[in-house]
Amino acid sequence: MGGSAPRRDRSTHLPVETTSFVDRRSELAEGRRLLAKARLVTLTGPGGVGKTRLATRLATGLERAFPDGVRCVHLSGLHDPALVPVAAADALGLHDNSHQPPLPALVDQVRDRRLLLVLDNCEHLLTACARLAAALLHGTPGIRILATSRHRLALTEEHLLEVRPLPVPDPDGDLSQADGYASLALFAERAAAVVPGFTLTPANRASVARLCHRLDGLPLAIELATVRMRVLGIDQLLERLDDRYRLLTAGSPAVLPRHQTLRAAVDWSHDLCTPREQMVWARASVLAGGFDLDVAEAVCADGEQVRSHDVLEAVAGLVDKSVLTRDEHDGTVRYRLIDTLRHYGLERLRMTPGAETEARRRQRDWMQERAAEYEGAWFGPGQRQIVTRLHADQDNLRAALDFSLVTPGEAPAGMRLAGTLWFFWHACGGTREGRYWLERAIEANPEPTRERARALWVAGLLAGCSKDLAGGRRRAHQARELALELGESAEAAHADSVLGMLALFGDDLHGALGHFEASVACGPIPGTLPSITGLDQVGLASVLAFLGRTDRAVSVCEDARRSCEDQGEEWVLSYLLRVLALAYTVKGDWRRAESYGRQALCLKRAVHDVFGIALTLDLMVVIAAALDAHERAAVLLGGADRVWADISSGRFDSTTFNGARRQSEEEVREALGPQEFERAYRRGGELGLPELVEYALQERARKRGPKHGGELPPGPATPAANGGTRLTPRETEVARLVAEGLANQQIADRLVIARRTAEGHVERILSKLGFHNRSQIAAWVTAQTPPADTPSGDAPPVDAPPLASPPEPTSPAPAPPALTPPAPPPPALTPPAPESPASPVPPAPASCTSTPTAPGPTAPTPPAQPWPAHPGRAPGTVPRVVPSYA
């Protein structure tokens, strides 16, 4: 296995072009020619010449040539060489949890990929970029690299393409054909954006040519100059630029002419800014990557020279002057300084002693404030938005952590920030990077503090996820001892939870059971994180299911599930749903198991929990094999192995987690035969993650409908179709208020909840019902309400199943015999709860938009039919192989 099949993910992940691309046909042709024969091509040239734009256009044009896509690693906001391979893994969508060093792990994961990797802005990380490129070139046969840098990487395999300034005609020569020059075309396009109707004419052509000549054809210098067209004519613009250029060239003759030209253009743009705009430009230069207005206000305002309300005006002015670039995505506006202008701003900031340190401290404090806010809201309805915002601010988080850990006196704040972000490192694929920052912070902060105890158990948790169980246990024990010494009972409880998880990962089921039983029996201690409390219940239910105590596992899950649904939480809920699928798999109740498995997969896709997706796919393989859907099981197996190859090739090396999957693989291989199995397995390995999840959820089959061989269960296309979708009581209440026409703030006031909570409820209602706007919710609620002449005066609840299509009554299937006898359970630390009766079959999700619901009342049970009929199996018989978890 090993997941060697390449994944056909054609995502480019390249910067979006917000302005037109001026012709560089010869460079594009030469770049394509070089990449056809060489595996490393570096675009070199001075700042502002357009290397990034050319690389983006070149890579976009070559997308179809690479089965595994084109990916871009943006390095301008990164300053720690150790994180270069981590940034590359992020760009490639890899979530490595192995214990290997990052660079060898990256090479192993992409060994069989065929893709183009763009390394943008390498000049300040030359050695680290050269090591990355060399490792990929020597360790993989199918990866090609396109780099941009002011300096070459100095590798023997490197081919250079010098990016020159745009050609400029002789301003004193024949200009009858000058419109075909790219420099003049660029000026005309950008000038028309600030002076509508501007075109090149015989009257202005010579002045424009002289201006572009004076600017050496540098695209950035030309773009900055055109901004002045709002207030100056061409001749005035040229005259003032000549004055600026003469002042500049009176300086050192050692400065290259092109650098003098760019400096003159940037200096002029700076001088035309207001004093507040200049200050905001300088202070914003400490912000790596992009930033939103809230960050700009926090970092650039000091309460004296610049106040918070001044920042908006200054940002607007800098956007107008083309100093800041404005990007908008999904309704969120972010700003960024291109690398040349950011370095210029830093240079200006450093002219004032202590100004850079103060700006970076404000940035760090804001990141800490935002991280604490997100941690507090994590067990709630806004998880998807939190993940999106943290990923967008990742460069700024890195800058804040690095500043704290290298600046004297700031290390405790760095450790606090790294520990606060535990949920980001653990839930959002940041295991390796989180461990890197935490270990640095622990080393820099030997003092016994609550923040150190937090950092220790988080580092232990991440070590366990990286298969370093011994290191994880060491850190968790250190955390527990320190927390108890300090009287920090909440942090001690968190450390205990980590020890339980590590025992589970290490196949010590009875040891894990003892930890989780004790944690759950004690209940939440003041100050404990709700998500960790939820994970304790997930861990307890998992161990119970693995030990065959499935009824109690279901009971634990249902109790915890209600808490998650009441709070609008999705990440822990997705794990509870997976454990429900596991429990019913152990019981041999395949219908329930498959339903819960799909619902878990739906939520895991929504929160982009790649690790959870991989675990759930493994379980779906077992279920498909048990249902004799052997080809489907083989496809899922190939896809699951591919996902695991991006995370951890050994799946923790855990017998507990891997045993049933291996057993199912043997059954499927035997049932299909070697050739058919390999064909289906390879097909799964070639699916991208979105397509793989869609296949597992059988969404394409539903879309095709019965005429094309697909299923068509009740779906969310119409209000009536959603009658089987259950909302929680609170969501039902919110839906009715939406139907009354209330806005989110009005709903919050009516229910005495926060506006954000109301917004989260509305978002989940839309998601569950598959709707896109509030009017669809209103129509759906109306459809659930009986007309006025209905005999009964009571309206059915919003979550009532449709009368026309009640779920078929079924009886629970008897659990099949296990292949190995279950181990006797250890003595319980607390009296065990009585085994609860099996819950009825949950409604199968019509699509990924619906979430599971608590079982409702059942109809009278017909004569037992333990197993559904399948091709090749008589009704009521068990599968040939029943997975054993005991």
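User: Which helix holds Ser-497?

Analyst: This is a predicted model: local features need pLDDT of at least 70, side-chain atom pairs count only at pLDDT 80 or more, and totals for chains, interfaces and linings use all residues. Residues are numbered from 1 along each chain as its sequence is written, and side-chain values use heavy atoms, with hydrogens and water left out. Helices (H or I, at least four residues) and strands (E, at least two) are DSSP runs, numbered from the N terminus. Ser-497 is found in helix α23.

User: Is Ser-497 buried or exposed?

Analyst: Buried means under 20% relative accessible area, exposed means over 50%, and partly exposed lies in between (1.4 Å probe, protein chains only). Ser-497 has a relative accessible area of 2%. Therefore Ser-497 counts as buried.

User: Is Glu-433 buried or exposed?

Analyst: Glu-433 is found in helix α20, residues 431-444. Beyond its neighbours within four places in sequence, it is in contact with Leu-83, Val-86, Asp-90, Gln-394, Arg-398 and Trp-425. Its relative accessible area is 4%, so Glu-433 is buried.

User: How far apart in space are Glu-433 and Leu-462, C-alpha to C-alpha?

Analyst: Along the sequence, Glu-433 and Leu-462 are 29 residues apart. In space, the C-alpha to C-alpha distance is 9.7 Å.

User: What separates the C-alpha atoms of Arg-263 and Tyr-344?

Analyst: Arg-263 lies in helix α10, residues 257-271. Its relative accessible area of 28% makes it partly exposed. Tyr-344 is 81 residues away along the chain. Their C-alpha atoms are separated by 8.9 Å.

User: What is the volume of the largest cavity?

Analyst: Rolling a probe the size of a water molecule over the atoms shows where empty space is left. On a 1 Å grid over the protein atoms alone, a cavity is a set of points where a 1.4 Å probe fits but cannot get out. Grid points are joined across faces, edges and corners, and a volume is the space filled by probe spheres set on the points. The structure holds 4 cavities of 30 Å³ or more, and the largest has a volume of about 440 Å³.

User: Which residues lining the largest cavity are closest to its centre?

Analyst: Lining residues have an atom within 4 Å of a point. The largest cavity has 29 of them. Closest to the centre are His-426, Phe-505, Tyr-575, Phe-611 and Leu-615.

User: Which element gives the largest share of the lining of the largest cavity?

Analyst: Elements giving two or more residues are α19 (422-427), α23 (489-505), α25 (530-546), α27 (571-587) and α29 (610-626). The largest share is 5 residues, and it comes from α25.

User: How do the residues of this lining divide?

Analyst: Ala, Val, Leu, Ile, Met, Phe, Trp, Tyr, Cys and Pro count as nonpolar, Asp, Glu, Lys and Arg as charged, and the others, Gly among them, as polar. The lining of the largest cavity divides into 19 nonpolar, 8 polar and 2 charged.

User: How is α35 set against α37: parallel or perpendicular?

Analyst: Axes are lines fitted to C-alpha atoms, for helices over the stretch in contact, and angles run from 0 to 180 degrees between N-to-C directions. Helix α35 (729-739) and helix α37 (755-769) pack at about 95 degrees, with axes 10 Å apart. Angles under 35 degrees count as roughly parallel, over 145 as roughly antiparallel, 65 to 115 as roughly perpendicular and the rest as oblique. So α35 and α37 are roughly perpendicular.

User: Is Asp-628 buried or exposed?

Analyst: Asp-628 is found in the loop between α29 and α30 (630-645). Its phi is positive, near 65 degrees, although it is a residue other than glycine. Its relative accessibility is 17%, so Asp-628 counts as buried.

Technical notes:
On a 1 Å grid over the protein atoms alone, a cavity is a set of points where a 1.4 Å probe fits but cannot get out, and a pocket is an open set with protein on both sides within 12 Å along at least five of seven lines; lining residues have an atom within 4 Å of a point. Contact means heavy atoms within 4.5 Å.
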